[in-house]
Amino acid sequence: MEPSRRACPEKQSFSHMQPVVQALGIGKSFGTTVALRDISFEVLPGEVFGFIGPDGAGKTTLFRIITTLLLPDAGEIQVMGFDVRRDYRGIRKNIGYMPGRFSLYMDLTVEENLRFYATVFGTTVEENYDLIRDIYSQIEPFKHRMAGKLSGGMKQKLALSCALIHKPSLLILDEPTTGVDAVSRAEFWEMLKKLKAHNITIVVSTPYMDEATRCDRVALIQNGRIFSVDTPDHITAGFSRPLLQVKSASKHLLMNALKKYPGTLSVWPFGEYVHLTLRDVLPEEPLPRFLERHGIRDATLMEAKPGIEDRFLELMSGAEPVPEYRKEVNDDQP
Amino acid sequence: MKVILYLIRKEFLQIFRDRFLGKAIFAVPVVQMLLLVPAVTFEIRHVNLCVIDRDMTPASRELTGQLEGSSFFRITRKTFSEEEARTMMHRNRCDLILQIPEGFGRNIARGIPVPVQVGVNAINASNAQLSWGYLNGVIQNYNLNRLKKGAGMPAGVQLQQVSLSNRYWYNEMLNYRHYMMPGVLGILVLAIGFILAGLNLVKEKESGTIEQINVTPVKKYQFILGKMTPFLLIGLVDLAIGLTIGIFTFGVPFQGSILLLFLSSAVFLVGVLGLALFMSTFARTQQQFMFTGFFFIIVFVLMSGIFTPLESMPLWAQKIDLVNPMAYIMRINRMIMLKGSGFHDLRNDLLALVLIATAFTTLAVWRYRKTA
């Protein structure tokens, strides 16, 4: 397991700035369940900071702490210079939060929801319309529709509009793309990119590893612990071994066979391929012959360029049991 | 202030958008008044009587004749068999068994006191007491007549005696509708306020909307006020509807100040809403809230003195009633409507209600934590 690296050296240009979120040794337990342990990280102004991890990793708990909905048991955390325990009022005025579950009023219309949130933040829709124009204009034709009757993608746009309507300087998005179709997911990340131009810092979580490359920096979180914090490129570069991609008509048989091969270090299904890493010391029997012996004759082996997911899987499988992780089959990512 | 108004506006929007709730708010007071006020009554008509007359003399027949003549009793059976009479009562065919022993007429003529036996079906305790009371009255009357005859007084001459005549103050005809209506108004306001407000908050919890509100700068007191005010207004509108129905349909008199009635009901409602919101902070689902809420409503109502006088409850129960807002509003409503009591007469009850309302609301604000 790697020690968690805080503020990465490559982001020198940011280092003189006050971090937007500064967490040191955050811990939180629910009864005997430890949800977060010794979480430390810094989010710098203007960056898109992603938390990547499987379900139950502690992402939502951490976000509830950042948004002052939950108090940590241990550690210090400051959001925009405000302490979550003492100055929660200051935080609430300046953050936009989009919970993982759609939490707007289903029985109010699109427009009523937006006006409601504008009012409780002491502003008006007109005042900050510029900020949400790109997003809201897409659902504006349906502004008299009940929020409960919107499609998943439209609900997400409305939720984002409502979270932005008071012009927050920090936006916190808890799994915004979960349960959303691939096209809407891509659209959503485009919207976030545009928000960066408005100097809004974004903290986002996702269980989809492929979305990590959309962030400026990502923290890998699992079992309530942060494994590493770095830029996506650096994380990918951390993958040290040669990576092979193997293909066969029968992927299932192939995987079973690869798992039995004595020289195998790890096997992961990857779309139509299987990603394979090998040990430094290999057995006498070469892999192709081993596969043939196990009834797989159509296997093709190729050297592959490791992606961020390969590094994540390598990191995560280090000590802990291998997590279930989601990967969209109809992946629209390059 | 603007935020509170907007929160209130939002509640109303949601309530009236709900197809069922929007109508139920107005239907409940109508149905409850039309149903409960006339239905709940302690008046007894037609007590079924079974007579076992073992004497069969003019004297005994005079007694049964008098019973038959009263509008309360209906002699459903005359028999000589005690067995049969018991079976009748067992099958619910009669409420009272009157046994006149053999030799009743003879002994009474000699001036020897004669016992008659009365058996009362006490499945319904208050019914039993009342019908026993009526029967007693008839027998006393019979005795009086015998006395006159025994004294050899000609008819028309009055026996010297203390005659007791009573007058029922504040409800001369002992009309149970008059007695029930102020109480039913209390139940109405209690049920509407308690259930609507409590469920509303739990629903926000269930659907997660409260989470989104909690990260806004909306303050605790604004949120609680925004939740209470709509249901306070709805409760008072329902009170007005109920009152109108009561007065025009049942002709219940209204002696006191309408303003005072609404004022006390408003204080009562704040207490009820405070308790509902306080309890809803414990409930995670609407089902949990309904279950506990139902329990509270039943206890509040049954212990309020609507059916049985508070004074006849055991002392410990009366102590519990010190924190039962329903007990106060029951008394206040009756005093204002039937007796015309003013602020001065009710000040202690009102003060108690104010204290209860403050306590429950404080608890609600305290328990409602924005950070879970």
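Two residues are in contact if their C-beta atoms, placed from the backbone, lie within 7 Å. Keep that cut-off in mind for the first stop, chain A, where residues 24 or more positions apart account for 74% of the contacts with a separation of 6 or more.

The model is predicted: local features need pLDDT of at least 70 and side-chain atom pairs count only at pLDDT 80 or more, while totals for chains, interfaces and linings use all residues. Residues are numbered from 1 along each chain as its sequence is written, and chains are lettered from A and ligands numbered from 1 in the order in which they are written.

**Select chain A.** Show it as a cartoon. Chain A has ten helices and 14 strands; helices (H or I, at least four residues) and strands (E, at least two) are DSSP runs, numbered from the N terminus. The radius of gyration of chain A, taken over C-alpha atoms, is 22 Å, close to the 20 Å that the globule rule gives for 334 residues, so chain A is as compact as a globular protein of that length. That rule is 2.2 Å times the number of residues to the power 0.38. Along the principal axes, the C-alpha atoms of chain A fill a box of roughly 70 × 45 × 40 Å. Of the 334 residues in chain A, 43% are buried. A residue is buried if 20 or more other C-beta atoms lie within 10 Å of its own, exposed if 12 or fewer, and partly exposed in between, with C-beta atoms placed from the backbone.

**Colour chain A by domain.** Domain 1 covers 9-237 and domain 2 covers 243-305; the bounds come from an automatic or database domain assignment. Their C-alpha centres lie 40 Å apart.

**Go to the contact between the chains.** Chain A gives 23 residues and chain B gives 19 residues. On the side of chain A, the elements that give two or more residues are α2 (88-94), β6 (95-98) and α3 (110-120). The largest share, four residues, comes from α3(A). This side of chain A divides into 13 nonpolar, four polar and six charged residues. Here Ala, Val, Leu, Ile, Met, Phe, Trp, Tyr, Cys and Pro count as nonpolar, Asp, Glu, Lys and Arg as charged, and the others, Gly among them, as polar.

**Select residues 96-100 of chain B.** This is strand β3; four of its five residues are buried, so β3(B) is largely enclosed by the rest of the structure. Two strands pair if DSSP finds at least two bridges between them. Strand β1 (residues 47-53) of chain B runs parallel to β3(B), joined by five bridges, and B:Cys50 has B:Ile97 as its bridge partner. Strand β4 (residues 117-120) of chain B pairs with β3(B) in the antiparallel sense over four bridges; there, B:Gly119 is the bridge partner of B:Ile97.
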